[in-house]
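Good morning. Please have the sequence and the model open while I talk. I will go through a few places one at a time.

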Amino acid sequence: MRNVQVPLGDRSYAIKVGGGLLSRLGLVCARLRLGPRCAVITDSNVGKHFAKAALKSLAASGFEAVLITVPAGEKSKCLAVVEDCHDQLAAQRLERKSFIVALGGGVVGDLAGFVAATYLRGIPFVQVPTTLLAQVDSSVGGKTGVNLKAGKNLVGAFYQPQLVLCDLDTLKTLPKREYVSGLAEVVKYGVICDPILFAQLERSLPKLLQRDVPTLRSVVARCCEIKADVVGQDETESGLRAILNFGHTIGHAIENSSGYGKFLHGEAVSIGQVAAARLSQKILGLPSGDAGRIEKLFVQAGLPVKIKLDAARRKKLFAAMKLDKKVSGGEIKFVLAKKIGQVVWGQKVPSGMIDEILG
Ligand SMILES: NC(=O)c1ccc[n+]([C@@H]2O[C@H](COP(=O)([O-])OP(=O)(O)OC[C@H]3O[C@@H](n4cnc5c(N)ncnc54)[C@H](O)[C@@H]3O)[C@@H](O)[C@H]2O)c1
Ligand SMILES: [Zn+2]
């Protein structure tokens, strides 16, 4: 097992990464000195596979756990489901010392984290991420929240968990498309911070695609270390944390303009990172060899790197990009790469150039 520390003063916490960890959930919660009662919040897919094991482990360590299952999918990230969870917690008489276990992907983590942040003005919570995206990204860093009709993640709180438990064996039941989509975020960490990780990914991609646990242990732990380090320096995204958005300006616009669900987040971000690499070549002189390696790695992972755009979709994509938070004075701000492992944020890019590289 690997242990990664998120350094946030009195809100610091550990991320544990390894195989077979779900069976130790109760033991690690016991060490946190939490109250005797808890609620496991999960979704209908994840619950089928792992709720029993989570409840069993908690019970074996003396916890009294109740299960709350929400429907799988992004639609559950909404205030109506938050209210429903609050009602169930109140009905079960969970109190200030009780805690929540978020067992699932990013949807469950963001939802359950927000439920924990707001119930009784905040009770402790533990993240047990079960998607690759959630293990390397959403479960670390304390962003919790839900969507409004007006847009994604518009209501939320920065609220750090007590612990993140990444059981790599849970990834085995993840649908292939979801797993591969998570790899887009993994590659991102190599591009933004770590040329050695990037080279490791190039070498070990076949093993990673087989979900080989030893390979995952080192890769997931390294991604968590990078995110922990960035979040430790900039918890509330006033600066450095922006580098985690590499590939996301175009990626988010692709998700928004093509209707949620058509592209998975990682697929859109894969296209976005390849586009950002091309812009980086033009603006920051990213060597063409580096841009080529980035594109090749995504292709070999089985991720899309291009998008076909007719005039109407192109217009929609630009409208979506301009609605994003990163626009100032008509110019769109990007995170761009100088070389693999080094990026700069806040780079202004004229729309004409984006239009050109999207082909
Ligand atoms: N808080 C953050 O910092 C942050 C960062 C990135 C993304 N997010 C959020 O994360 C969400 C996306 O997360 P996601 O990609 O994990 O999606 P998800 O939680 O919807 O999971 C994807 C699908 O896989 C299923 N699933 C999850 N784990 C499984 C397993 N082990 N076996 C079988 N099926 C499993 C889920 O039921 C779902 O159908 C978005 O809402 C996004 O906004 C948050
Ligand atoms: Zn992302």
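I start with Arg121, which is found in the loop between α4 and β6 (125-129). Helices here are DSSP runs of H or I with at least four residues, strands are runs of E with at least two, and both are numbered from the N terminus. This is a predicted model, in which local features need pLDDT of at least 70, side-chain atom pairs count only at pLDDT 80 or more, and totals for chains, interfaces and linings use all residues. Residues are numbered from 1 along each chain as its sequence is written, and chains are lettered from A and ligands numbered from 1 in the order in which they are written.

Arg121 is not a glycine, yet its phi is positive, at about 60°. Is Arg121 buried or exposed? Arg121 is exposed, because 7 other C-beta atoms lie within 10 Å. The cut-offs, with C-beta atoms placed from the backbone, are these: 20 or more other C-beta atoms within 10 Å of its own make a residue buried, 12 or fewer make it exposed, and anything in between is partly exposed.

Arg33 also has a positive phi, near 55°, and is a residue other than glycine. Arg33 lies in the loop between α1 (25-31) and β3 (37-43). With 9 other C-beta atoms within 10 Å, Arg33 is exposed.

Now Ser76, in the loop between β4 (64-70) and α3. Ser76 has 24 other C-beta atoms within 10 Å, so it is buried. Ser76 touches Asp43, Val70, Pro71, Val81, Val107 and Leu111, leaving aside residues up to four places away in sequence. Contact means that the C-beta atoms of two residues, placed from the backbone, lie within 7 Å.

Next, helix packing. Two packed helices are described by the angle between their axes and the distance between the axes. The axes of α3 (residues 79-91) and α4 come within 10 Å and cross at roughly 55°. That angle makes α3 oblique to α4. Axes are lines fitted to C-alpha atoms, for helices over the stretch in contact, and angles run from 0 to 180 degrees between N-to-C directions. Under 35 degrees counts as roughly parallel, over 145 as roughly antiparallel, 65 to 115 as roughly perpendicular, and the rest as oblique. On the α3 side the contact is made by Val81, Val82, Cys85 and His86, and on the α4 side by Leu111, Phe114 and Val115. By class, that contact has 6 nonpolar, 1 polar and no charged residues. Nonpolar covers Ala, Val, Leu, Ile, Met, Phe, Trp, Tyr, Cys and Pro; charged covers Asp, Glu, Lys and Arg; the others, Gly among them, are polar.

For the second pair, α9 (residues 248-257) and α12 (residues 311-323), the angle is about 120° and the axes are 8 Å apart. Here too the angle makes α9 oblique to α12.

Last, the ligand. Which residues are closest to ligand 1? They are Asn45, Gly105, Gly106, Thr131 and Ser138, out of 29 that surround ligand 1. A residue counts as near a molecule or strand if its C-beta atom, placed from the backbone, lies within 6 Å of it. At least two residues of the shell come from each of α2 (44-60), α4 (106-118), α5 (132-138) and β8 (151-158). By class, the shell has 7 nonpolar, 14 polar and 8 charged residues.
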